[in-house]
Amino acid sequence: MLLPALDWHPQPRLEPLHLDWLARASVEVAVLRLDRIDPLISGNKWFKLVNHLRTAHEVGAKGIMSLGGAYSNHLHALAAAGKRFGFPTAGLLRGHPQDTPTVRDLKALGMDLHWLGYGGYRERHAADFWESWQIRYPHLHPVPEGGSGLPGAQGCMAWAASVREQLATLGWADYHGWWLACGTGTSLAGLVLAEAGQRPVYGVLAVPQDHGVAQRVESILGEAGLCSALYELFDGSRGGFARVDGELTDFIETTAAIELEPLYTGKALLLLKARVEAGGFAPGTRLIFVHTGGLQGRRGFE
Ligand SMILES: Cc1ncc(COP(=O)(O)O)c(C=O)c1O
């Protein structure tokens, strides 16, 4: 039942991004449109899931169970993939029952939902957390929150090949680095692994610095045995995860060239603007901005 999913190999398109502040600094940006790979299975989520699905298939599981919040992009993509490819899914949710647009979609997509409360959700890192859920769902393979960890990161390495295959369509011979939003750092770690020190990967933290992203990235890179890692993390959280202010909202509204949401991609592009305007990149620099999706989550802010 997981095989049809493993046969899906979405190819994100690479598109030029034309913005006046980039043109003024003679910096070029191309966007890797992960948000456009599918209307529902959108963003970086599929790529972080695919190796977990492969493991699930190898161990004989029929479907997947995982964790997230009431606006979770990860659970949304997982539920949509289950519906599309015909495998069962269960979602363990943070907090108490809420009726959000995302939760309504999860139900409509056929995901079994369980609300763990806040204390119950904090237990998710405990060694025996999955035991009772495995008894309840013996045919489902557990996937960590957000599809994180080395298998998740390795699924994101494919983006580097996608970009290199499409550079010629932009008339670019090469590029100088990557720019993307970070929540757990899994996607960034995948790109750092793919580049193996050749080009830098710049990550904009959507969560405050004490959320352990740097440690998680280091742990993935260490597990993969990478020696030459080239990356930098910037705090773009604007005071907290999901903290939204007028400057960010205005920026998203006035950046008509690309659809953004306020939690990840909006914060990432706004910080890029600040770096570009501060002269952080030499004229002629060519960057790949990864559109990691999340547009479904915007409904929480409307
Ligand atoms: C839309 C979106 N962009 C970026 C991220 C960050 O990805 P990662 O957790 O791999 O750093 C997430 C999830 O955390 C997300 O939902």
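R298 sits in the segment after β10 (286-291), where strands (E, at least two residues) and helices (H or I, at least four) are DSSP runs numbered from the N terminus. This is a predicted model, in which local features need pLDDT of at least 70, side-chain atom pairs count only at pLDDT 80 or more, and totals for chains, interfaces and linings use all residues. Residue numbers start from 1 along each chain as its sequence is written.

Let us turn to the ligand. There are 16 residues around the ligand, and G183, S187, Y264, T292 and G294 come nearest; a residue is near a molecule if its C-beta atom, placed from the backbone, lies within 6 Å of it. Both β7 (177-182) and α10 (186-195) supply at least two residues of this shell, and the largest share, three residues, comes from α10. By class the shell has four nonpolar, 12 polar and no charged residues, where Ala, Val, Leu, Ile, Met, Phe, Trp, Tyr, Cys and Pro count as nonpolar, Asp, Glu, Lys and Arg as charged, and the others, Gly among them, as polar.

Stay with α10 for a moment. Because 10 of the 10 residues of α10 are buried, this helix is largely enclosed by the rest of the structure. S187 and T186 are among those buried residues, as are L188 and E195. Just after α10, A196 takes a positive phi of about 45 degrees.

Next comes helix α4 (residues 73-85). Its 13 residues reach 18 Å from the first C-alpha to the last, close to the 18 Å expected at 1.5 Å a residue, the expected span being 1.5 Å times one less than the number of residues. Helix α4 is mostly covered, with 10 of its 13 residues buried; they run from N73, H74, L75, H76 and A77 on to L78, A79, A80, A81 and G82. What covers them includes α1 (3-6), α3 (45-58), β3 (63-68), β4 (89-93) and α5 (101-108). Just after α4, G86 has a positive phi of about 80 degrees.

How does α3 meet α4? Their axes come within 10 Å and cross at roughly 65 degrees; axes are lines fitted to C-alpha atoms, for helices over the stretch in contact, with angles from 0 to 180 degrees between N-to-C directions. On the α3 side K45, W46 and L49 meet N73, H74, A77, L78 and A81 of α4, contact meaning C-beta atoms, placed from the backbone, within 7 Å. The residues of this contact divide into five nonpolar, two polar and one charged.

Finally, two loops deserve a visit. Most residues other than glycine have a negative phi. S26, in the loop between α2 (20-25) and β2 (28-33), has a positive phi near 55 degrees. S26 is exposed, with 12 other C-beta atoms within 10 Å. A242, in the loop between β9 (231-235) and α12 (246-254), has a positive phi of about 65 degrees although it is not a glycine. A242 is partly exposed, as 15 other C-beta atoms lie within 10 Å.

Note on methods:
Buried ≥ 20, exposed ≤ 12 C-beta atoms within 10 Å, placed from the backbone. Contact = placed C-beta atoms within 7 Å.
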